[in-house]
Amino acid sequence: MDSSSLDSAELQKFLQQEKDRAMINQMVGKLTEVCWDKCITSTPGSKFSSSETNCLTNCAQRYFDMSVMIVKRFQSMR
């Protein structure tokens, strides 16, 4: 294996890692937006109420579960 193909493989790996990071950042941003709008109904104080905390936890869990299910579905389609 010559150095140019090694460099190309390393570059591809780096680009995929960056693409994955961007996707995760996008998912976290969307999760924050959706769950905040759904669960925080008044001006937040220094702490979330217990109902807000429960709502945020449940919302985030559902979002992640759905994301995993979608990824698995796309992988099975390949």
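Before anything else, I noted how helices are assigned: helices (H or I, at least four residues) and strands (E, at least two) are DSSP runs, numbered from the N terminus. I kept in mind that this is a predicted model, where local features need pLDDT of at least 70, side-chain atom pairs count only at pLDDT 80 or more, and totals for chains, interfaces and linings use all residues. Residues are numbered from 1 along each chain as its sequence is written, and side-chain values use heavy atoms, with hydrogens and water left out.

Entry one, Ser 51. I found Ser 51 in helix H2. Its side chain makes a polar contact of 3.1 Å with that of Ser 49 (a pair of N or O atoms within 3.5 Å; within protein, one must be able to donate a hydrogen and the other to accept it, and residues adjacent in sequence count only if both atoms are side-chain atoms). I also checked Ser 51 against Val 68: they are 17 residues apart in sequence and 26 Å apart in space, C-alpha to C-alpha.

Entry two, charges. How many salt bridges does the structure hold? I counted 1, taking a salt bridge as a side-chain nitrogen of Lys or Arg within 4 Å of a carboxyl oxygen of Asp or Glu. Glu 18 and Arg 21 form a salt bridge, with their closest N and O atoms 2.3 Å apart. The two are separated by about one helical turn because they sit 3 residues apart in helix H1.

Lining residues include Met 23, Tyr 63, Phe 74 and Arg 78. Helices H1 (3–39) and H2 each give two or more residues to this lining, and H2 provides the largest share, 7 residues.

Methods
1 Å grid on protein atoms, 1.4 Å probe; cavity = no way out; pocket = protein on both sides within 12 Å on 5 of 7 lines; lining within 4 Å.
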